[in-house]
Amino acid sequence: MSRIGLSALLLTGLLSGTAAALVPASPAPAVAQAPAEAPAPEAPKDSAKELPRLTLYTSFDPQRLAPVFAEFQKAQGIAVQIESDQADLMLGRLLREGATTAADVALLPTLTRAERAATAGLLVPVTIPDLDKAIPAAYRDAGGRWIAVTGFVRAAVSMGDKVKPGDIARYDDLAKPALKGRLCLPPLGRLASRAFLATQMIPDPLAAEAWLRGVTANAVTLPPSEGPSLPDAEDRPLVQALVDGKCDAALIGSRTLARLADKGDDPLRPALDKLTVTFPVIGDGRGTPVEVVTIGATQATGRREAAVKLITFLTGDTGQRLLAEALWGYPLKPGTPLSNPVTRWGPFKADPTPLSTLLPLLPQAAALAERVGGI
């Protein structure tokens, strides 16, 4: 997730003043007069300030989100001001501000952050029209406090044919001794990994711990990344490690791959043509886990009707397509067209496990990550 400085994007302007009223001229005096000045032209009106306005807290790049909310403003006549910061700092700000927050809606990465905001009482249940026809129930809070609006998956990536097709068909394969010293991993102790680890704990938490120990035993230790922070700063070094021959396979988020495919000036982009990308499945083949971005209306908002309109837009056809393109993600509404960066890697079968099933396992996932070397 991006480490973006706090910024604001507010599509507003100044209300015009009214032109002075015209009064009838008095009879001309005997002496000549200079021609009367023409009335001052009426200042052009900018309707943006007259629009209702929502404040959205997020960790995503405001410039990437701007086209999404411009389309929403065009459709609904509601402006969106974006307040952005690094993901954990933004969540901390929400928790600190509580009932006094300026946020009307929050767009949060990871299931863990959505659940923290919800259990802290920061999000209010809302009813979205025709939601059952938009976002599957597996991607929604049962209490209506948050809804997932886009998602990412973790791909098994190798350089060329260094790993044979089918060698990493399941996430279980990452723990095989054949990958000893050949595997690069993202930091699995981060919040973004909690839901991923929780999926591994179904149906057997003990087996999940054995699996994680095997995976980490196969991993190569990489030096800390240097240079500017990028939206995919934690996964991007894994691509570089594959290029440099430091490992033969890596577990890389689809957002990193899609972003590289979409950014023609990125020095790592040419490496994509040499990568083999597959989507492993959980356990007995139930599917590839989806990591989600969620949206919810805050308890503090005084603009709940407008917030519902925004959430409705982001769960509809246009909003799903635009948001997925902006965040290099997958839309969650069935039938929504995929953007070119993600179609490059082909389809995958999503794990149908409801996110609500993972919620009680998140603390256990955190403890598991801590036990296995504090990763």
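Modeller: The model is a predicted one, and it holds five aromatic pairs. One of them is formed by F72 and F313 and is tilted, with 5.5 Å from centre to centre and 50° between the planes. F72 belongs to helix 1 (residues 62-76) and F313 to helix 8, so this pair ties together parts that lie 241 residues apart in sequence.

A second pair is that of Y171 and F196. Their ring centres are 5.2 Å apart and their planes stand at 75°, so the pair counts as edge-to-face, given that plane angles over 60 degrees fall in that class. Y171 is in the loop between strand 6 (154-159) and strand 7, whereas F196 is in helix 4 (residues 194-200), so the parts tied together here are 25 residues apart in sequence. Y171 and F196 are both buried. The pair also belongs to a cluster, in which ring pairs link Y171 and F196 with W211.

In soluble globular proteins, nonpolar side chains tend to be buried together. Here the largest nonpolar core has 109 residues, and the members that touch the most others are L56, F69, L111 and L257. Helix 8 (residues 304-315) supplies the largest share of this core, seven residues. For L257, if neighbours within four places in sequence are set aside, the contacts are A155, V157, I252, L272, L275, V277 and W345.

The torsion about the S-S bond of C184 and C247 is about -110°, so the disulfide is left-handed. The link joins distant parts of the chain: C184 is in strand 7 (residues 183-184), C247 is in the loop between helix 6 (236-243) and strand 8 (249-253), and the two are 63 residues apart. Both C184 and C247 are buried.

Definitions and conventions
Residues numbered from 1 in each chain as written. Predicted model: local features only at pLDDT ≥ 70, side-chain atom pairs only at ≥ 80, totals over all residues. Heavy atoms only, no water. Disulfide = S-S within 2.5 Å. Helix = DSSP H or I, 4+ residues; strand = E, 2+ residues; numbered from the N terminus. Buried < 20%, exposed > 50% of the residue type's maximum accessible area, 1.4 Å probe, protein only. Core = buried A, V, L, I, M, F, W, Y, C linked by side-chain atoms within 4.5 Å. Contact = heavy atoms within 4.5 Å. Phe/Tyr/Trp six-rings, centres within 6.5 Å; stacked < 30°, edge-to-face > 60°.
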